[in-house]
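Please consult the sequence and the structure while reading.

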Amino acid sequence: MTVTDGIRPARRASPTDVRRWIRQRQIAANGRVDPAAVYSLLLAAAMAVALFGQPAIAIVWPASAPAADAPELIPLAAAGLALLSYYGVLRQLGPLAASRSDAAWLLTAPVPRRALLAPAFLLTVASAALVGALTALGVAGHVAPRPLSAAVLVAALLAGAVLALGLAWSAIQAQRAGGRAFDRAVALAAGLLLAALVGSRLVDGSPDPPAFPAPDAVGLALCLAALLLVALGLHRAWAGLDRWPTHRLMEAAAVTGVYADMVYAVEPSFLTESSTRRYWRGRAGIRSSRLIRRPGIPPLLAQDLLVVRRKATRLPWLAALAALPTALGDAPAWLLLPLVLLGAMAAAGITSESTHSDAANRSMVRLMGLSRRQVALQRLAVPSVVAALWCAAATAGLQAAGVLAGQWWLLGLAIGPAASLAAMQRARASAATIGTTLVETPFGAFPSGMLLWLVNGVDVLAVLALPAVIGLTSGSVLGWHTVAAQAGASALGVVVLALATGRRPD
């Protein structure tokens with residue numbers, strides 16, 4: 001008789017036992033739901049509906065019927081971009097993920113994974129159906145003639161739900177297999193839709209798709225067949241959850257855990273640092289460059305150039321972001337203005353990791369023997385060029401679309417250093433280091449660091465880009481005095497930075 005005789009093998013627990021055990025452990029650790037928390041959530045939801053409900057309804061369903069000659073390409077392309085953005089959100093979050101504690105202790109235990117991943121799977125399916133239905137309702141409200149018949153409404157909601165569920169299935173398959181092919185296809189489709197939107201603004205008399213079709217038996221049959229195929233695909237994905245690679249689920253659990261930490265601690269830098277680690281972890285096979293060893297290039301400037309070269313895959317996304325103001329050319333000035341300025345600030349943030357590292361590890365800069373002024377000016381060079389080129393492209397698109405009159409691309413070049421200074425100010429601090437004073441609200445104390453972090457850098461941009469703000473809001477033809485004033489404001493910001501940093505070592 002061996003020592004293993006009489007030992008029973010581990011029995012797989014049933015899904016009911018797993019859910020009961022998890023619920024009991026959660027209640028023992030956290031207690032039951034607090035009625036005050038439920039009241040706060042319901043009150044916050046009610047306030048959000050009261051404040052933003054009417055504008056949101058007006059966007060989805062305009063009060064007036066669409067004109068007979070209204071272009072139909074714009075709402076259709078915008079709806080496609082909204083659905084593809086939903087796919088991007090799913091890919092960022094998982095879409096199937098368990099909590100970090102469940103991923104650490106239960107994924108490797110003899111329990112069925114479907115019991116652990118059922119909430120995330122059902123949430124993904126329900127959110128896809130809701131997003132698809134709302135998107136289709138928005139398209140019908142902007143394109144379909146009024147009054148809208150019940151058959152047209154049902155067909156539109158069914159088609160939108162099918163498309164969104166198909167994207168959800170694609171996101172699930174991409175999570176299981178790695179998904180680079182899916183992601184590239186979605187990125188290409190988003191680029192084509194954005195190009196169609198920009199082309200409709202730049203080219204007069206651009207062809208529109210055929211009129212909104214009335215549903216017939218063939219169309220409804222095709223929608224139902226597509227819905228059946230998507231349902232079969234989701235069922236196969238559900239049935240194969242027990243055979244998923246463990247490391248995919250662990251990675252998704254880590255990402256959702258970082259989002260939970262960010263919300264709980266009110267510290268957005270958690271998400272930034274996690275995204276940075278994930279990005280560089282996937283950059284395998286990077287070779288060293290001779291650029292950093294050239295004597296004529298300052299070391300920190302060479303490092304920023306190397307970072308931009310290694311982040312070449314993000315440059316197409318910056319180009320697409322520069323085309324977004326042109327695609328939204330009919331939007332009011334209060335929307336286009338922050339889109340241009342904040343977009344330039346985001347473009348300047350392509351090297352913000354280096355500035356954040358300098359602020360977090362001052363000893364490394366001290367070992368290089370550089371003064372604070374040298375560090376600041378070297379870190380300012382590359383993002384200023386990137387922001388200037390981005391802003392020039394965005395304003396040139398608005399100029400070509402007829403939204404702005406004059407040589408606005410020159411003003412875009414002058415905005416670049418101001419946006420770079422704002423991005424540098426934002427990268428130097430995090431929400432935890434800006435302020436720890438608690439702000440009392442009806443829902444409890446709220447740390448002021450988050451509020452200050454939200455406007456960190458934006459205040460610098462608002463001051464230094466004041467000539468551009470006045471020029472964009474006035475709606476007049478651009479004058480050379482506006483360009484000179486903006487260039488002077490940007491130069492003044494650089495001078496103030498140089499004087500404030502000083503020549504002493506950091």
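Is the crossing of helix 5 and helix 8 left-handed or right-handed? The crossing of these two helices is right-handed, where a crossing counts as left-handed if the near helix is turned anticlockwise from the far one by less than a right angle, and right-handed if clockwise. The model is predicted, so local features need pLDDT of at least 70 and side-chain atom pairs count only at pLDDT 80 or more, while totals for chains, interfaces and linings use all residues. Residues are numbered from 1 along each chain as its sequence is written, and side-chain values use heavy atoms, with hydrogens and water left out.

**Helix 5 and helix 8**

- Helix 5 covers residues 113–143 and helix 8 covers residues 217–239; helices (H or I, at least four residues) are DSSP runs numbered from the N terminus.
- The axes of helix 5 and helix 8 come within 11 Å and cross at roughly 155°; axes are lines fitted to C-alpha atoms, for helices over the stretch in contact, and angles run from 0 to 180 degrees between N-to-C directions.
- Helix 5 and helix 8 are therefore roughly antiparallel to each other, a term for angles over 145 degrees.
- Arg114, Ala118, Phe121 and Val125 of helix 5 make the contact with Leu234, Trp238 and Ala239 of helix 8, contact meaning heavy atoms within 4.5 Å.
- The contact of helix 5 with helix 8 has six nonpolar, no polar and one charged residues; Ala, Val, Leu, Ile, Met, Phe, Trp, Tyr, Cys and Pro count as nonpolar, Asp, Glu, Lys and Arg as charged, and the others, Gly among them, as polar.

**Packing of helix 16**

- Helix 12 (residues 315–327) packs with helix 16 at an angle of about 35°, and their axes are 7 Å apart.
- The crossing of helix 12 and helix 16 is right-handed.
- In this contact, helix 12 contributes Leu318, Leu321, Ala322, Pro325 and Thr326, and helix 16 contributes Val386, Trp390, Ala393, Ala394, Gly397 and Leu398.
- The residues of the contact of helix 12 with helix 16 comprise nine nonpolar, two polar and no charged.
- Helix 16 and helix 22 (residues 480–501) have axes that come within 8 Å and cross at roughly 150°.
- Helix 16 and helix 22 are therefore roughly antiparallel to each other, and their crossing is right-handed.

**Cavities**

- The count comes to two cavities of 30 Å³ or more; on a 1 Å grid over the protein atoms alone, a cavity is a set of points where a 1.4 Å probe fits but cannot get out, and lining residues have an atom within 4 Å of a point.
- The largest cavity has a volume of about 60 Å³, a volume being the space filled by probe spheres set on the points, which are joined across faces, edges and corners.
- Helix 17 (408–428) is one of the helices that each supply at least two lining residues, and helix 17 gives the most, with four residues.
- The lining of the largest cavity has five nonpolar, five polar and one charged residues.

**A cis peptide bond**

- Gly94 and Pro95 are joined by a cis peptide bond, with omega about 5°.
- Pro95 lies in the loop between helix 3 (73–93) and helix 4 (100–105).

Technical notes: 1 Å grid on protein atoms, 1.4 Å probe; cavity = no way out; pocket = protein on both sides within 12 Å on 5 of 7 lines; lining within 4 Å. Parallel < 35°, antiparallel > 145°, perpendicular 65-115°, else oblique.
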